[in-house]
Amino acid sequence: MINIKSEREIELLRQAGHIVYETHQYLKPFLKEGITTKEIDDLAAEFIKKCGATPSCKGYQGYPANICISINDEVVHGIAGRRKLKNGDIVTLDICACYKGYHGDSAWSYPVGNVSSDAKYILEHTEKALYEGLKVVKAGCRVGDISHAIEEYANKYHLGVIKELTGHGVGNHLHEEPNVPNYGKAGTGPILKEGMVIAIEPMLTIGSPDIYMEDDDWTIKTDDGSLSGHFEHTVVVRNDGCEILTGE
Ligand code: MF3
Ligand code: CO
């Protein structure tokens, strides 16, 4: 069942989303060569708590860190530690916060210092793929319309679409129905209604879309070591489009 949120709930989701957005803005200037991922994770937790929220990732199915920090060929769920950011890396911060029982979820990939043309390419086009998906959202559209828009954009720019990981509903739980895949057929899947809240999150690769799980049982990487980008917003479905909850 995909539940429809009341305006009171949407206001809380808006506040949670805003905290996630502000956390991204707060962390961005720290993403420089030499900082450890643990230092970024600590700063994130401190900021989220100061906003009156809690980091939703911490303890989620046993996840050990506060936010997910994934570098280069790491696609998702990288765990903070002693690793330092290097000039030329791309780093994805996937930040989830829970405010008064409601979650916000947004991932963004950032360049560290001067990055390669491949890195610039994956960043630019994964972000644009997210906006292609967002463009088709409105009451009456189907999940497959979003999936198809993202896949079509990725194909046009010869990027790999990761099939095993999807967007999702958001509410009192971080992951709710429906799944929102980044590939699929237009006109298929659940129909979206005004007041549904979903996270759309293309995860694209420069090379093959095949992935594997690291020995830590969390970090997911590309098989071929190619760069991966990840951009995600949580949005409310509206009659005339969508409202981004994790944006400015
Ligand atoms: N934004 C991530 C997702 O949608 C949240 C991961 S929480 C974690 O998958 F605990 F799995 F890391
Ligand atoms: Co998500």
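Met213 stands opposite Ile220 in strand E12, where strands (at least two residues) are DSSP runs of E, numbered from the N terminus. The model is predicted: local features need pLDDT of at least 70 and side-chain atom pairs count only at pLDDT 80 or more, while totals for chains, interfaces and linings use all residues. Residues are numbered from 1 along each chain as its sequence is written, and side-chain values use heavy atoms, with hydrogens and water left out.

Strand E12 (residues 220-222) is joined to E11 by 3 bridges, and the two run antiparallel. Both belong to an open sheet of 3 strands in the order E3-E12-E11, with antiparallel pairing; two strands pair if DSSP finds at least two bridges between them. Strand E3 (74-76) and strand E11 (211-213) stand at the edges, each with a single partner strand, so one side of each has no neighbour in the sheet. Direction ignored, neighbouring strands of this sheet are turned by 40° against each other on average.

Tyr63 lies in the loop between strand E1 (54-55) and strand E2 (68-71). Tyr63 counts as buried because its relative accessibility is 3%, buried being under 20% relative accessible area, exposed over 50% and partly exposed in between (1.4 Å probe, protein chains only). Beyond its neighbours within four places in sequence, Tyr63 is in contact (heavy atoms within 4.5 Å) with residues including Cys57, His77 and Trp218.

Cys57 is also buried, at 7% relative accessible area. The closest cysteine sulfur to that of Cys57 is in Cys96, 3.8 Å away, which is too far for a bond. The structure holds 0 disulfides, a disulfide being a pair of cysteine sulfur atoms within 2.5 Å.

Terms used:
Chains are lettered from A and ligands numbered from 1 in the order in which they are written. Helices (H or I, at least four residues) and strands (E, at least two) are DSSP runs, numbered from the N terminus. Axes are lines fitted to C-alpha atoms, for helices over the stretch in contact, and angles run from 0 to 180 degrees between N-to-C directions.
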